[in-house]
Amino acid sequence: MDNNSLNLRIISFIVLLAAAFGQELEVHFIDVGQGDSVLIQVPSGETVIYDGGVHTHDAFEYLNKIGVTDITLVIASHMHADHIGGLIQIVEELEPRFFMGNSFPHDTRVYEDLERAVTAFGIHNVKPNNQVINLGAVDLQVLPVPGFESWGQNNNSVGIIISYGDFQVSLTGDAEQEQFDWWLHNHPDLLVDVEVHKASHHGSSNGDTTAGLIKLMPETVVIGVGKGNSYGHPKQASLRLYDSVDAEVFRTDLHGHIVVKAKLDGSYTVTTEKTFFLNSSPLTNSIDLQVECVLYNPAGQDAGNEVVTLRSKARLNTALWYIEDEAGHRVYLPNSTLTENQELKVIFPKQAVWNNSGDTVFLFDDSGQQIDHFTYSGGNTQECR
């Protein structure tokens with residue numbers, strides 16, 4: 001081989017290597033309300049959908065909006081409606097080649113409809129064993145299902161570790177203490193350090209465990225959760241757990257659709273449909289109004305007696321300003337003009353919203369921009385800055 005041929009081969013290899021490192025894995029955490037749905041788009045062109053939310057149309061409409069017309073693999077972490085309801089239309093409209101469920105039937109209409117659709121379109125069923133599914137440069141390591149029917153659907157969730165070079169994502173369905181303990185005992189080598197983790201069981205207090213999260217050590221946690229949901233997800237205990245490993249938290253109820261784009265070298269970006277800041281400085285340099293105190297455990301009945309005290313730093317009108325708690329309960333401030341250093345007391349007149357075990361007050365101006373937030377740890381009667 002002459003030097004020119006050798007040089008051409010070296011140059012071609014460098015060009016191919018550069019192209020490979022320039023390609024990105026995309027993981028879309030779709031806002032489907034109180035549920036989960038994750039789209040995985042790999043550089044080689046295959047697509048995987050992990051769960052589909054509760055409603056028949058939300059996930060499909062998102063796929064349609066971003067131009068996804070083909071699905072390689074559908075994974076149902078488990079058979080609860082808030083994870084499989086939206087998969088029915090995806091199966092019927094896009095006819096994926098493969099389907100993986102947790103192999104545990106569920107006595108509900110939505111489960112029966114999904115099974116009927118998978119069968120009707122001749123989709124090949126893949127059992128959730130301890131296997132690696134290779135999609136070009138992306139590997140999907142299946143975290144196997146324990147297989148104990150008495151543990152219920154949540155603790156028989158199909159988990160996935162997505163690997164793309166030095167970048168990893170963990171998806172663990174609604175796994176709770178029993179399943180995390182089972183994984184740690186039987187398959188400790190499969191729970192590896194990840195960059196991004198989808199919160200298990202929507203940030204419930206019986207979702208992610210301390211031992212599991214220490215094994216995963218995510219930099220970023222994404223919570224699939226519905227605004228103002230009746231479960232109070234995410235729970236303050238879970239948020240404190242994520243904070244204990246210094247993870248940055250994103251939530252579909254606050255941020256909308258969340259897209260992670262990653263490269264082979266492990267670098268990644270997170271973009272959100274909506275701008276919302278958690279555990280960060282307020283959005284404005286000059287705060288004209290801020291949260292000063294929260295009376296969250298008043299004497300007697302909480303409803304109508306909980307008080308958030310705000311204090312103005314300049315003259316301003318509060319028309320259409322509002323505050324929210326972590327669960328998305330909202331109350332608008334009185335329409336009044338405040339002078340500098342004036343106090344304003346705000347209550348939810350018909351319900352108790354501020355958790356005695358800790359919560360966060362978010363303050364928004366009339367354009368919907370977050371102006372301030374104040375987090376208290378609870379366990380007392382009132383906390384102030």
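The largest cavity holds about 40 Å³ of space. A cavity is a set of points on a 1 Å grid over the protein atoms alone where a 1.4 Å probe fits but cannot get out. Volume is the space filled by probe spheres set on the points, with grid points joined across faces, edges and corners. The model is predicted: local features need pLDDT of at least 70, side-chain atom pairs count only at pLDDT 80 or more, and totals for chains, interfaces and linings use all residues. Residues are numbered from 1 along each chain as its sequence is written, and side-chain values use heavy atoms, with hydrogens and water left out.

**Cavity and pocket**
- The structure has one cavity of 30 Å³ or more.
- Its lining includes Phe-29, Ile-30, Asp-36, Lys-198 and Thr-252.
- By class, that lining has five nonpolar, three polar and two charged residues. Ala, Val, Leu, Ile, Met, Phe, Trp, Tyr, Cys and Pro count as nonpolar, Asp, Glu, Lys and Arg as charged, and the others, Gly among them, as polar.
- A pocket is an open set with protein on both sides within 12 Å along at least five of seven lines; lining residues have an atom within 4 Å of a point.
- Residues lining the second largest pocket include His-80, Asp-82, Asp-174, His-201, His-202 and His-233.
- The lining of this pocket divides into one nonpolar, six polar and two charged residues.

**Disulfide**
- One disulfide is present, where the term means a pair of cysteine sulfur atoms within 2.5 Å.
- Cys-293 and Cys-384 form it, S to S 1.9 Å.
- The link is right-handed, with 115 degrees about the S-S bond.
- Cys-293 sits in strand β16 and Cys-384 in strand β25, 91 residues apart. Strands (E, at least two residues) and helices (H or I, at least four) are DSSP runs, numbered from the N terminus.
- Cys-293 is buried at 10% relative accessible area, while Cys-384 is partly exposed at 39%. Buried means under 20%, exposed over 50%, partly exposed in between (1.4 Å probe, protein chains only).

**Aromatic contacts**
- There are seven aromatic pairs. Rings of Phe, Tyr and Trp (its six-membered ring) pair if their centres lie within 6.5 Å; planes under 30 degrees apart are stacked, over 60 edge-to-face, the rest tilted.
- Phe-167 and Tyr-268 make a tilted pair, 5.3 Å centre to centre, with 50 degrees between the planes.
- Phe-167 lies in strand β10 and Tyr-268 in strand β15, so the pair ties together parts 101 residues apart in sequence.
- Tyr-322, Tyr-332 and Phe-364 form one aromatic cluster.
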